[in-house]
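Me: I would like to learn how to read a structural model feature by feature, with the general idea set out before the particular case. Could we work through one together?

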Amino acid sequence: MDKGSFGGVINANDDTVWEISPHTAAKHSILKKYIQAWAPILAQGSYHRRLVYIDGFAGPGEYKNGEDGSPIIVLKAIKEHQLRGNFRNTEFVNIFIEKRDDRAKNLERVIKERVGTLPSWIKYEIKHSEFNTEMKQILNELESEGKNLAPCLCFVDPFGWNDIDYEILSNIMKYEKAELLITFMAGYLERFVWDPIHISSIKRLYSDEQIQKIRESSNEENLVTKYFLENLTENIRKLGIKDRLFNISFATYNNHNRLEYYLIYLTKSCKGLEVMKSAMFFSAKDGSYKFSDFDFDPAQKTLIDYGQESDWVIGASEEIYQLLLTRFGKGRSIPIPTVKSIVKCESKWMFKNDILAEMEDSKRINVFVDKRRKRTFPDRGYITLN
Ligand SMILES: C[S@@+](CC[C@H](N)C(=O)[O-])C[C@H]1O[C@@H](n2cnc3c(N)ncnc32)[C@H](O)[C@@H]1O
């Protein structure tokens, strides 16, 4: 099944369906949690008449042992949503792009079998096509009709990096409420940066100077991801987009505990970031934002168990303290809403009172609020750093 790797394409499976790995299941858990939280935020109150999900590398819709593929996960998450009664004024448009004919056909069949009849407000279309070609067409049509893209999550989930195109991704991000979720093969890029078979495809993503620095760096520095995000951001800026861009990543490791890829989320919305953070947080162990097949024991843990532990609060409070210290120094008054916004929009952590309580207990901050319940941090107060 595994044909190995060649120029920018990794583990190209020949069969129509293939076996799922635990880290793919973790990726699916993130996607499902995100859609479940994203749909009501955008759809309730019918503020948005249309929401779009683009699965750019849709796959066959199922895995070898019957697990659902990403298009099925998303359709079911919307169709079976607890709050679906409130979604009826919003149209959910799903575009599934799949290059291979056998997989596109399989997907068509699996949707019918597993998702069944859809209500009129959920639409889908399977495009037997290539992601970049199809996206160019969609973007050109929007451009020529002067239309804006409805809030859209575009999942870019290729088997390598050959189809990662800064221009297409940047043009998607041109739209106000567009977001990207990218499977970025950082582990392979680090390993193949010396490989003559892969180097021409790698040169599409990085400058010669960046490639040199990646070669000289340690894997821990993760320059492949850092430069990828920098180059993508630069491309987005070239289109005149000045909005703040937020990103968060989730690392996946294989059964030898080697880095496979980062799932990278890019958005202009701090609220979107918060929602994705929570989806990623609860799909990993104790705030680690990473998942390894190596120490995943299917007999002991389900993905759902993760995030119940609270040791992460200690690490989070240290990181947030350092972030605040760099920004404000010691002794300055910092309003509590500012602190919360920094945690939510500028750190990888979700805001919890426990984070500030931990800082207060360890006397790293003083808290100034009239009358409050213990371990709470109402917005009317402020803190100073020690
Ligand atoms: C990693 S799999 C996708 C898995 C799927 N997103 C899921 O999570 O269940 C990548 C898929 O992209 C398809 N593919 C490869 N190149 C493509 C391209 N340029 N455009 C669209 N699909 C492509 C492959 O045939 C394969 O089915």
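Me: Where in the chain is the place of Lys371?

Reply: This is a predicted model, and in it Lys371 sits in the loop between S10 and S11. Arg375 is found in the loop between S10 and S11 as well.

Me: What is the phi of Lys371, and what is that of Arg375?

Reply: The general idea is that most residues other than glycine have a negative phi, and most peptide bonds are trans. Here Lys371 has a positive phi of about 35° although it is not a glycine, and Arg375, also a residue other than glycine, has a positive phi near 60°.

Me: Which domains does the assignment give, and how many residues are in contact between them?

Reply: The domain assignment of the chain gives domain 1 (22–305) and domain 2 (312–385), whose C-alpha centres lie 32 Å apart. Eleven residues of domain 1 are in contact with seven residues of domain 2. On the side of domain 1 that touches domain 2, strand S6 (246–253) and helix H10 (270–281) each supply at least two residues, and H10 gives the most, with six residues.

Me: Which residues of helix H2 are buried, and what covers them?

Reply: The general idea is that an α-helix has 3.6 residues a turn, so residues three or four places apart point the same way. In helix H2 (residues 70–79), the buried residues are Ser70, Pro71, Ile72, Val74, Leu75 and Ile78. The cover over the buried residues of H2 includes helix H1 (22–43), helix H3 (101–115), and the strands S1 (50–55), S2 (91–98), S3 (122–128) and S4 (152–156).

Me: How many residues surround the ligand, and which are the closest?

Reply: There are 17 residues around the ligand, the closest being Phe57, Gly59, Gly69, Ser70 and Lys99. Ser70 is also one of the buried residues of H2. The shell around the ligand divides into six nonpolar, three polar and eight charged residues.

Me: Why does the radius of gyration of the chain agree with that of a compact globule?

Reply: With 386 residues, a compact globule would have a radius of gyration near 21 Å, and the chain agrees because its value is 22 Å. The C-alpha trace spans about 65 × 55 × 50 Å along its principal axes, and 38% of the 386 residues count as buried. Among contacts between residues at least 6 apart in sequence, 72% join residues at least 24 apart. The secondary structure of the chain comes to 13 helices and eleven strands.

Methods. Residues are numbered from 1 along each chain as its sequence is written. This is a predicted model: local features need pLDDT of at least 70, side-chain atom pairs count only at pLDDT 80 or more; totals for chains, interfaces and linings use all residues. A residue is near a molecule or strand if its C-beta atom, placed from the backbone, lies within 6 Å of it. Ala, Val, Leu, Ile, Met, Phe, Trp, Tyr, Cys and Pro count as nonpolar, Asp, Glu, Lys and Arg as charged, and the others, Gly among them, as polar. A residue is buried if 20 or more other C-beta atoms lie within 10 Å of its own, exposed if 12 or fewer, and partly exposed in between; C-beta atoms are placed from the backbone. Helices (H or I, at least four residues) and strands (E, at least two) are DSSP runs, numbered from the N terminus. Two residues are in contact if their C-beta atoms, placed from the backbone, lie within 7 Å. The radius of gyration is taken over C-alpha atoms; the globule rule is 2.2 Å times the number of residues to the power 0.38. Domain bounds come from an automatic or database domain assignment.
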